[in-house]
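I opened the notebook today to look up how the inside of this structure is put together.

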Amino acid sequence: MSKQSFTSAPSASLYEKILSCDGLDDIGGHILEPLVDALGATSAVFIQMFASPLGDRHFGAHSYVGHKPGSVGVYLDEFHKLDPVMRPAMDWLDDPKRPLPNMLTGSFKRILEQNSYYGSSFLQPFDVGHVVAFVLPMNTAFETQLACVGFHRRLDDPAFSADQIGWFERLGPALRSVLYVLAAKEAITLSETIAMAAKEAGNDFGFLIFDEDLVIRNANARGMEDIGVGGADSRGSSLLGEIKQKLLGCDRSEGGALTFRADMPKPVEVEIRNFHSADGRLFHLVVTNGAGKHHAIDGACRKFGLTEREAEVVSRIAAGKCNASLSQELGISLRTGENHLRSIYRKVGVGSRTQLLSRLLQIH
């Protein structure tokens, strides 16, 4: 057990170690390991929890230090639901208006007597007898999230003392600062990715963000509506299933992208882009142009007698492409692209891009 004095403040070197944590991969070495030593704990865990737009609870990044690494997967798969210490945090995810204490502590002797299943199936196999944890609730621009840093002792060890708990609590502001910064880095990455998609797609678009486990981490109302999720039958959305199938079967490296059209639950164009968050985790941005906007433009192109190539030029214009970009995408010279555009203007009877799109949508 550590010789740490718990009647004095944590050392400056410990604060420096915690505050130098620069990413989720650093949490084990900068937070969990030094505090395991200081507190005389046998294991420690960091868990990121969040509520999805569909109302489910999910787990994001996690890190573990100790002799039973398999305990984390088992805990997240089933036993977090039975953990009385974490229950206030889980309840807060369901209703963020609930009060949530920053510190969660507990010893499991009574739980072993009262809940034999939790005791015999999790606590005893993984030798978890006492816990002290710091929980940070966060409402970022993208989701409601909880970050938990917890430390454990074995069943036969003494419980954490009041002095140890008070000492740990004094580290709260430093832990809070680090975890907020890590959450903010992720939110900035997501916002930049969405802003780029908005610039290219225009205002009339929906989006959903899937994590590497294909869980919806964030979405706007338009994106949810376009793929038919969010209502009572959201889990049965055929388009949601199709998107996940395509993600499982496609190149999921950063920069990879694919586009397809679907007619159910309504006409919608879907574009999927892969990107990495600030800490290197894989995410997928799904952009939808719902309500058939592009289908409407295609139909109007046919009514005005535009050629297939001219319709391709129009689709790039609808996506906000300049003459140089659309010509490059279509593999034609800039002059040829400009000639196509003049022909389109003549056939539709307009003199600008704005008039063109307005006229095509109106005629449809």
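My entries below go from the cores to the strands, then to one helix and the cysteines.

**Ground rules.** I noted that this is a predicted model, in which local features need pLDDT of at least 70 and side-chain atom pairs count only at pLDDT 80 or more, while totals for chains, interfaces and linings use all residues. I also noted that residues are numbered from 1 along each chain as its sequence is written, and that side-chain values use heavy atoms, with hydrogens and water left out.

**Cores.** I looked first for a nonpolar core, which is a set of buried Ala, Val, Leu, Ile, Met, Phe, Trp, Tyr and Cys residues joined through side-chain atoms within 4.5 Å; buried means under 20% relative accessible area, with a 1.4 Å probe and protein chains only. The largest has 36 residues, and I27, I31, L32, F46, F151, W167 and F168 touch the most other members. Among the elements that give two or more residues to this core are α1 (12-19), β1 (43-51) and α8 (172-201), but α2 gives the most, with seven residues. Helices (H or I, at least four residues) and strands (E, at least two) are DSSP runs, numbered from the N terminus. I then found a second, separate core of 30 residues, which includes A51, F59, I111 and V131.

**F46.** I asked which residues F46 is in contact with, leaving aside its neighbours within four places in sequence. Contact means heavy atoms within 4.5 Å, and the partners of F46 include L24, I27, L32, A61, V149 and L179.

**Strand β4.** I saw that eight of the 10 residues of β4 are buried. Two strands pair if DSSP finds at least two bridges between them. Strand β3 (residues 103-107) runs antiparallel to β4 and is joined to β4 by five bridges, with G106 opposite V131. β4 also pairs with β5 in the antiparallel sense, over 10 bridges, and there L136 stands opposite A147.

**Helix α6.** In α6 (residues 116-123), I marked Y118, G119, F122 and L123 as buried. Seen down the axis, the buried residues of α6 fall within an arc of 110 degrees, so they line one face of the helix; the arc is that of the directions from the helix axis to the C-beta atoms. These buried residues pack against α3 (70-77) and α5 (109-114).

**Cysteines.** I counted zero disulfides, a disulfide being a pair of cysteine sulfur atoms within 2.5 Å. C148 is buried, with a relative accessible area of 4%, and C301 counts as buried at 1%.

Key
Buried means under 20% relative accessible area, exposed over 50%, partly exposed in between (1.4 Å probe, protein chains only).
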